[in-house]
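Here is a short note to read beside the model. Please keep the sequence and the structure open and find each residue as it comes up.

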Amino acid sequence: TLSVYPLFRFTVLRTRPVDAYIAYSLAGPTYISKPFLDGLATGRAFTFQDFMGFGVFLGPRRQFNLGVKINHYSNGNIFTRNASIKIPLTLTVGLAF
């Protein structure tokens with residue numbers, strides 16, 4: 001997939017070793033390279049991505065990121081077929097530079 005989406009991130013805990021946050025995104029336009037996933041017809045290559053999750057920033061400059069999120073892909077019924085795909089768990093490990 002290739003997505004462009006708004007990201008709402010709210011810091012819920014700020015301490016010396018870690019900053020914890022919750023994140024939410026709604027209706028990010030997405031291109032899916034395969035219109036059939038797990039035997040389900042998702043419609044066309046255009047869909048929307050939604051997700052919610054939580055994570056932490058670590059390190060002296062908060063340069064490390066660990067996160068978990070749940071994704072949902074759906075074309076919002078703008079096409080005849082709309083199987084909607086849910087990805088129950090995505091783990092994220094990141095480095096900011």
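1. A definition comes before the details. A residue is called buried when its relative accessible area is under 20%, exposed when that value is over 50%, and partly exposed in between. Keep in mind as well that this is a predicted model.

2. Ala-27 belongs to strand β3. Although Ala-27 is not a glycine, its phi is positive, at about 60°.

3. A positive phi turns up at Arg-62 too: the angle is about 60°, and Arg-62 is not a glycine. Where does Arg-62 lie? Arg-62 is found in the loop between β6 and β7. Please mark this residue, as it returns in the next point.

4. Now the salt bridges. How many does the structure hold? There are two salt bridges. In one of them, the side chain of Asp-19 meets that of Arg-14, with 3.4 Å from N to O. Is Asp-19 buried or exposed? Asp-19 counts as buried because its relative accessibility is 9%. Arg-14, in contrast, has a relative accessibility of 61% and so counts as exposed.

5. Asp-19 also forms a salt bridge with the side chain of Arg-62, at 3.2 Å from N to O. Asp-19 sits in strand β3 and Arg-62 in the loop between β6 and β7, so this pair ties together parts that are 43 residues apart in sequence. Through shared partners, the salt bridges join Arg-14, Asp-19 and Arg-62 into one network.

6. Next, the surface. A nonpolar patch there is formed by Phe-8, Phe-10, Val-12, Leu-13, Ile-22, Tyr-24, Leu-26, Met-52 and Phe-54, and together these residues have about 900 Å² of accessible area. Two or more residues of the nonpolar patch come from each of β2 (8-14), β3 (18-31) and β6 (46-58). Which element gives the most to the patch? That is β2, with four residues.

7. Phe-54 is part of strand β6. With a relative accessibility of 51%, Phe-54 counts as exposed, because the word applies to values over 50%.

8. The largest pocket has a volume of about 240 Å³. It is lined by 14 residues, of which Arg-9, Tyr-21, Phe-51, Lys-69 and Thr-92 are the closest to its centre. At least two lining residues are supplied by each of β3, β6 and β7 (64-74). By type, the lining of the largest pocket has eight nonpolar, four polar and two charged residues.

9. One cavity of 30 Å³ or more is counted. The volume of the largest cavity is about 40 Å³. Which residues line the largest cavity? They are Ile-32, Thr-42, Thr-47, Tyr-73, Ser-74, Asn-75, Ser-84 and Ile-85. This lining divides into three nonpolar and five polar residues, with no charged ones.

10. Two residues are left for a check of distances. Gly-39 is in the loop between β4 (36-37) and β5 (40-41). Gly-39 counts as exposed because its relative accessibility is 70%. Between the C-alpha atoms of Gly-39 and Arg-9 there are 34 Å, and the two residues are 30 residues apart along the chain.

11. Pro-88 is the other residue to check. Pro-88 is placed in strand β8 (residues 85-95). Its relative accessible area is 61%, so Pro-88 is exposed. From C-alpha to C-alpha, Pro-88 and Lys-69 are 7.8 Å apart, with a separation of 19 residues in sequence. Lys-69 was named above among the residues closest to the centre of the largest pocket.

Conventions:
Residues are numbered from 1 along each chain as its sequence is written. This is a predicted model: local features need pLDDT of at least 70, side-chain atom pairs count only at pLDDT 80 or more; totals for chains, interfaces and linings use all residues. Side-chain values use heavy atoms; hydrogens and water are left out. Patches are made of residues with over 30% relative accessible area and no salt bridge: like charges are joined within 9 Å, nonpolar side chains (Val, Leu, Ile, Met, Phe, Trp, Tyr) within 5 Å. Accessible areas come from the Shrake-Rupley method with a 1.4 Å probe; for residues, only the protein chains shown count as cover. A salt bridge is a side-chain nitrogen of Lys or Arg within 4 Å of a carboxyl oxygen of Asp or Glu. Buried means under 20% relative accessible area, exposed over 50%, partly exposed in between (1.4 Å probe, protein chains only). On a 1 Å grid over the protein atoms alone, a cavity is a set of points where a 1.4 Å probe fits but cannot get out, and a pocket is an open set with protein on both sides within 12 Å along at least five of seven lines; lining residues have an atom within 4 Å of a point. Grid points are joined across faces, edges and corners, and a volume is the space filled by probe spheres set on the points. Ala, Val, Leu, Ile, Met, Phe, Trp, Tyr, Cys and Pro count as nonpolar, Asp, Glu, Lys and Arg as charged, and the others, Gly among them, as polar.
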